[in-house]
Amino acid sequence: MTADARNESKVVVITGASAGIGRAAARRFGAQGASVALLARGRAGLDAAVADVCAAGGRALAIPVDVAEYTAVDAAATRIEEDLGPIDVWVNSAFTSVFAPFCEIDPLEYRRVTEVTYLGSVHGTRAALARMRPRDRGAIVQVGSALGERSIPLQSAYCGAKHAVNGFVEAVRVELLHDHSNVHITIVQAPAVNTPQFSWVLSRLPRRPQPVPPIYQPEVVARAIAFAAEYPRHKQYWVGASTVGTVLAQRLAPALLDRYLARTGFESQQTEATAQRRASNLWTPLDEADGRDYGAHGEFDDRAHPRSPQSWLTRRMRSLGGFGRA
Ligand SMILES: NC(=O)c1ccc[n+]([C@@H]2O[C@H](COP(=O)([O-])OP(=O)(O)OC[C@H]3O[C@@H](n4cnc5c(N)ncnc54)[C@H](OP(=O)(O)O)[C@@H]3O)[C@@H](O)[C@H]2O)c1
């Protein structure tokens, strides 16, 4: 049976489903015939995500929710089960960040990034486990980052939160293994991806922010997420040769990498263009203001790779071996 067929008719929840990687994943699961619950805050993005999932062949339910609020996430999960049935897969993709040197980030902004990016994932996992553990089945897929393994300058709040996600997921995974549970949690470590985050995250950089090249399209990560939902026993998925290189270099020579990033890390995160004043999505969704749907892709289509041979090979080897299937 193909991975597509195995996701068919599953109930899948995606946080951060209105844009970027979450939006691409929603389309992917929709195309596999899943019922997809879409959680985010912005109405325009959510409405467009519903249309995407339905056009792809799935069922969709959008619920506006701020993932920093546990009671709201839990209430959303209750509604999803009433409307769509028992949750099979929960994907945590929602996040926010501030692009700035540490000393230029206000303590309240720092706290907000942590509450959305780290605690949002904790809340999603808690809501999922509360429903999956009594049934003894289900898969939780965390969208992680190479920057959760190796921090870079100008993103201290985000890197701290993504490292925390890794520590949290590892502990929960071990607890589930200890209990011989059939509920599994895994993490997809993503490379730099062409998503709207670079247009709407709060930035205090002098020039326009960009993902550190090489840049991949969000569909590359969406494929890995859908696969991880089918094979969630595997501890981690690394997506993109750049993620593999980053993680291995960090394990071999972290202090050398510090010096390399001190030299290159400020430049590589900015384009040549001077930054314009812009609104951000830190506290409220940006699409509320103008009703614009930001979609899955950011501004870097001309520079983004639509495929990752490394990620394809990983999926191929894992599915041929059959190891780790849910
Ligand atoms: N893009 C990259 O280069 C990259 C690299 C590695 C890992 N990742 C990971 O991929 C995931 C998605 O990133 P992305 O680049 O796709 O981000 P994005 O384009 O900025 O999209 C973020 C999504 O999260 C939602 N969101 C933001 N704050 C929220 C809140 N408080 N409550 C609920 N939803 C909220 C946004 O919708 P609303 O604003 O409408 O709520 C949107 O749907 C993140 O976990 C990130 O760490 C991204």
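Predicted model: local features only at pLDDT ≥ 70, side-chain atom pairs only at ≥ 80, totals over all residues.
Let's start with helix α12: its face turned away from the buried side carries the exposed residues P309, L313, R316, M317, L320 and G321. Residues are numbered from 1 along each chain, as its sequence is written. Helices (H or I, at least four residues) and strands (E, at least two) are DSSP runs, numbered from the N terminus.

Back to α12. It covers residues 309-321, 13 residues in total. From first C-alpha to last it reaches 18 Å, close to the 18 Å expected at 1.5 Å a residue. That expected span is 1.5 Å times one less than the number of residues.

Which residues of α12 are buried? They are S311, R315 and R318. These three cover an arc of only 70 degrees around the axis, which puts them on the same side of α12. The arc is taken over the directions from the helix axis to the C-beta atoms. As background, an α-helix has 3.6 residues a turn, so residues three or four places apart point the same way. The buried residues of α12 pack against α8, residues 218-230. Contact here means C-beta atoms, placed from the backbone, within 7 Å.

Next, the ligand. There are 31 residues around the ligand, and G16, G20, R41, G42 and Q197 come nearest. Near means a C-beta atom, placed from the backbone, within 6 Å. The elements giving two or more residues to this shell are α2 (20-31), β6 and β8 (192-193). Which element gives the largest share? That is α2, with three residues. By type, the shell divides into 16 nonpolar, 13 polar and two charged residues. Nonpolar is Ala, Val, Leu, Ile, Met, Phe, Trp, Tyr, Cys and Pro; charged is Asp, Glu, Lys and Arg; the others, Gly among them, are polar.

A closer look at α2. Its 12 residues should span 16 Å at 1.5 Å a residue, and its end C-alpha atoms are 17 Å apart, which agrees. Of those 12 residues, 11 are buried, so α2 is largely enclosed by the rest of the structure. Among the buried ones are G20, R23, R27, R28 and F29. Just after α2, G33 takes a positive phi of about 85 degrees.

Now Q197. It lies in helix α7, residues 197-200. Q197 is buried, with 22 other C-beta atoms within 10 Å. Q197 and E149 sit 48 residues apart in sequence and 20 Å apart in space, C-alpha to C-alpha.

Last, the backbone. L154 is not a glycine, yet has a positive phi of about 70 degrees. Its place is the loop between β6 (138-145) and α6 (156-178). H180 is not a glycine either, and its positive phi is about 55 degrees. H180 is in the loop between α6 and β7 (183-190).

Buried or exposed? L154 is buried, with 23 other C-beta atoms within 10 Å. H180 counts as exposed, with 7 C-beta neighbours inside 10 Å.

One more: a cis peptide bond joins P213 and P214, with omega about 5 degrees. P214 lies in the loop between β10 (207-209) and β11 (215-216).

Technical notes
Buried ≥ 20, exposed ≤ 12 C-beta atoms within 10 Å, placed from the backbone. Contact = placed C-beta atoms within 7 Å.
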